[in-house]
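Reader: Can you take me through this model? I'd like to start with the charged side chains and move on from there.

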Amino acid sequence: MDLENCSSVINSPGGQALEIIFSEPRKEKPATPTKAGEVPLTKERIQAKLKEAEERRRSYEHSRVEQVEKHLAHRSVVLENQQKAEQLYMLKAEIHNAAKMKEFQKNVEAKQAEEKAKIEEHERKAREVLERAAMLKKQEAMEPSPPPPTE
């Protein structure tokens, strides 16, 4: 490094230090560059921008209202379909229950008929036994009885 080309050399207790200056300090702040085609703001220009902003806001509000209306319409359709599905389910359940009740009633009637047939059969056999017993008594009454055995 060449110490002669440096801006300044500072002697310090720890040795030599270099101060490097890349450019001179600016005295004035540079003007902000303007965009090409930029029109300075005037009262009319401000009013036009406000009007455009109001139109955008109204358009946004209108689109939001439409979205909400669509959502509500869809919701009502979904609720209606859900109610129809529930009614259909209830109808199917009622039909199923009615069929089960009919089957149960048939089973009950069949069991009752079976029990009735058993009772009638039992009564018929009981009458036969009673009739036989009555006939045997008549026969015994007609035949002379043997003398009792003596002992």
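Author: Start in helix α1, residues 43–142, of this predicted model. Glu 54 and Arg 57 are three residues apart there, which puts about one helical turn between them.

Reader: What do Glu 54 and Arg 57 form, and how far apart are the closest N and O atoms?

Author: They form a salt bridge, with 2.1 Å between the closest N and O atoms.

Reader: Which other residue forms a salt bridge with Glu 54?

Author: Arg 58, with the closest N and O atoms 3.4 Å apart. Both residues lie in helix α1, four residues apart, again about one turn. Arg 58 is exposed, since its relative accessible area of 52% is over the 50% cut-off.

Reader: Which residues end up in one network, then?

Author: Glu 54, Arg 57, Arg 58 and Glu 61, joined by salt bridges that share partners.

Reader: How many salt bridges does the structure hold?

Author: Seven.

Reader: Where does Phe 22 lie, and is it buried or exposed?

Author: Phe 22 lies in the loop between β2, residues 15–19, and α1. Its relative accessible area is 80%, so Phe 22 is exposed.

Reader: What about the layout of the chain as a whole?

Author: The protein chain has one helix and two strands. Read from the N terminus, the order is β-β-α.

Reader: How many residues are there, and what share count as buried?

Author: There are 151 residues in the protein chain, and 1% of them count as buried. The accessible surface is about 15,400 Å², with 57% of that belonging to carbon and sulfur atoms.

Reader: What is the average pLDDT?

Author: The protein chain averages 86, and 85% of the residues score at least 70.

Reader: Which elements have the lowest and the highest mean pLDDT?

Author: Strand β1, residues 8–12, has the lowest mean among the elements, at 73. Helix α1 has the highest, at 95.

Reader: And where is the pLDDT below 50?

Author: Over residues 1–6. Beyond near neighbours in sequence, that stretch has five contacts in the model.

Methods: Residues are numbered from 1 along each chain as its sequence is written. Side-chain values use heavy atoms; hydrogens and water are left out. A salt bridge is a side-chain nitrogen of Lys or Arg within 4 Å of a carboxyl oxygen of Asp or Glu. Buried means under 20% relative accessible area, exposed over 50%, partly exposed in between (1.4 Å probe, protein chains only). Accessible areas come from the Shrake-Rupley method with a 1.4 Å probe; for residues, only the protein chains shown count as cover. pLDDT is the predictor's confidence in each residue, from 0 to 100. Contact means heavy atoms within 4.5 Å.
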